Every structure is written in structure tokens, then in C-alpha cells.
Amino acid sequence: MMKKQITNMTVAKFMGISQCPAFLANAITSQLSHPKKSIMGHFVWQCMEVNNTFLMKNAVKLCQIQPDHNILEVGFGAGIGLHEATKFMTGPEGKLFGLDPSEYMHKVAQERLASHLGAGKVHLLRGQVESIPLPDKCIHGVYHSNCHMYWPDKTAAATELLRVMKPGARMVATVDMAVLRGGVKQGFFQGMSIEAEPYMEALNAVGFVDVHKVDKQDGSRNFLAIFATAPPTSECSGALRSYAALN
């Protein structure tokens, strides 16, 4: 019943208010970026699951996963996107990695993905995108949904993502700009950059190529897809050297 009530709603709309008090908006935003086991954390998880499921499924589809790929999801939350991605990973060699800083979301995802974790197909990593516990050039594809605004240092995050991606690997971000912009008006995401451009600028700055965005639709819902590709090794090395020289 709760999920039906909050479909397509931000937290403030569900609560029947157009402007959320600052203390509550900041507390909810904190839970959105790093859910903790609590009444508010559970409520925020339900909101994210309802509003972001279509984004995660579209990100998986657009990532062009092949049966033996190694794939990384950043900010896996309750594990819905990872569960969707397992449908494409039918080969014996492919591995699926999820990165999330929340201990609570790890526990929720572990329950959802128990059989895949037991089979060694899925691996959950706890940590930040600025420090991914994976070796260089091991990932064929990356996807994430409504996630980039929680990265305080987008350039550091982009650098680390590029490090773990194989040359030519694709990264896809799916974003519901209407929900995010509505949230800002209601008092959420204060001090965060929700727009696509700063994220895309960071990707370009560290050497990603073919960085572009496309407006897409899934049924009655619109979303933005942002694509980026890891360049050939020589281009990647040159871009990272140039970035390091400027910093």
C-alpha cells in the first residue's frame, strides 16, 4: 500500500507539503545519500525503490551488458539494478559488482541477491566512488541512477571510474531531472549539484570520450540518459597526465 501511495512522488509531496522544513529536508537528504537503519531510513528506501526502479532497469538495458562482462553498479541501494543485471550475465566468466557506502543497503541487497551472492556471480563492495576497491581496467561497463549529486568531488569520482574501466567500456547514468528539480524547490539536495552539466564536465576533464546526454521515455515517464566511454589506453593515459599536471 505504501509503495502505491508514494509512486512518482518526492518525500515532501507524500507528506502533503510544498516546502519541507530545513532541518527535515537536510535529514532526509542525508538518508537519501547514505540510508541508515531507522524509521526514516526505511521510509526513504521505499521512496527510492518506487521512484528509481524504472531508472535502474533502463540503466541496465542501456549498458549493453554481455554474458561474460564484468559490470559495476555505483550506488546499488536495495539491489534492484543488480538483480536486473543478473538476467544478462549468463556466461561463466562474467562478474557483477555493486558499490555502496550504506551498511543498511548492503543488508537489504544481500537478502534480495542471496542466491547470486552464494553462486559467486555478484559481489557487494562497501565504499565511496572516489576509492573503488577494484583493480585497474577490469570493468566492461558501469551504470548508476540518480546518483551523481551525492559525489562531492565529481572529478575524483570520474578519475576513479575511468581507472577501473577497460578501454572502450561504456558508462550510463539515468536521471529523473523532474524529480530532482522538484526536490530542490521543496528544500532537498541543498549544496548539491543535481544538474547533468557539472557531472559531464568532470567526465570530459579526466578523459572520457563521447560524453553526451539523451532525453528518453519509458511509458509515461521521462528520464535523461548520460553516456560516456573510456578511451583507448593511449588517449586515457594522456588525458590523465594532463589532468594531473593542472592539479
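Trainee: Which residues does serine 145 touch, not counting residues up to four places away in sequence?
Mentor: Please keep in mind that this is a predicted model. Serine 145 belongs to strand E4, which covers residues 139-145. Leaving out residues up to four places away in sequence, serine 145 touches Leu55, Met56, Ala59 and Thr174.

Trainee: With which side chain does the side chain of serine 145 make a polar contact?
Mentor: One of the residues that serine 145 touches is Thr174. The side chains of the two residues make a polar contact at 2.8 Å. The partner is therefore within the 3.5 Å cut-off for such a pair, and its name is threonine 174.

Trainee: Is serine 145 buried or exposed?
Mentor: The relative accessible area of serine 145 is 9%. A residue counts as buried under 20%. Because its value is 9%, serine 145 is buried.

Trainee: Where is alanine 169, and how many Å separate its C-alpha from that of histidine 140?
Mentor: Alanine 169 is placed in strand E5, residues 165-175, and counts as buried at 3% relative accessibility. Its contacts beyond four places in sequence include His140, Gly141 and Ala228. Although alanine 169 and histidine 140 are 29 residues apart in sequence, their C-alpha atoms are separated by 4.9 Å.

Trainee: Which residues does cysteine 138 touch, not counting residues up to four places away in sequence?
Mentor: Cysteine 138 is found in the loop between strand E3 and E4. With a relative accessible area of 14%, cysteine 138 is buried. Beyond four places in sequence, cysteine 138 touches Asn70, Val164 and Lys166.

Trainee: Which residue caps the N-terminal end of H8?
Mentor: Helix H8 spans residues 154-164. A side-chain oxygen lies 3.3 Å from the backbone nitrogen of threonine 155. That oxygen belongs to the capping residue, aspartate 153.

Trainee: How many aromatic pairs does a search of the whole structure find, and how many residues apart in sequence are the parts tied together by phenylalanine 54 and phenylalanine 223?
Mentor: The search finds four aromatic pairs. Phenylalanine 54 and phenylalanine 223 form an edge-to-face pair, 6.0 Å centre to centre with 80° between the planes. Phenylalanine 54 lies in helix H4 and phenylalanine 223 in strand E7, so the pair ties together parts whose separation in sequence is 169 residues.

Trainee: What percentage of the contacts in the protein with a separation of 6 or more is accounted for by residues 24 or more positions apart?
Mentor: The protein has 11 helices and seven strands, and buried residues make up 53% of its 247 residues. Among contacts with a separation of 6 or more, the share from residues 24 or more positions apart is 75%.

Technical notes: Residues are numbered from 1 along each chain as its sequence is written. This is a predicted model: local features need pLDDT of at least 70, side-chain atom pairs count only at pLDDT 80 or more; totals for chains, interfaces and linings use all residues. Side-chain values use heavy atoms; hydrogens and water are left out. Buried means under 20% relative accessible area, exposed over 50%, partly exposed in between (1.4 Å probe, protein chains only). Helices (H or I, at least four residues) and strands (E, at least two) are DSSP runs, numbered from the N terminus. A polar contact is a pair of N or O atoms within 3.5 Å; within protein, one must be able to donate a hydrogen and the other to accept it, and residues adjacent in sequence count only if both atoms are side-chain atoms. Contact means heavy atoms within 4.5 Å. Rings of Phe, Tyr and Trp (its six-membered ring) pair if their centres lie within 6.5 Å; planes under 30 degrees apart count as stacked, over 60 as edge-to-face and the rest as tilted.
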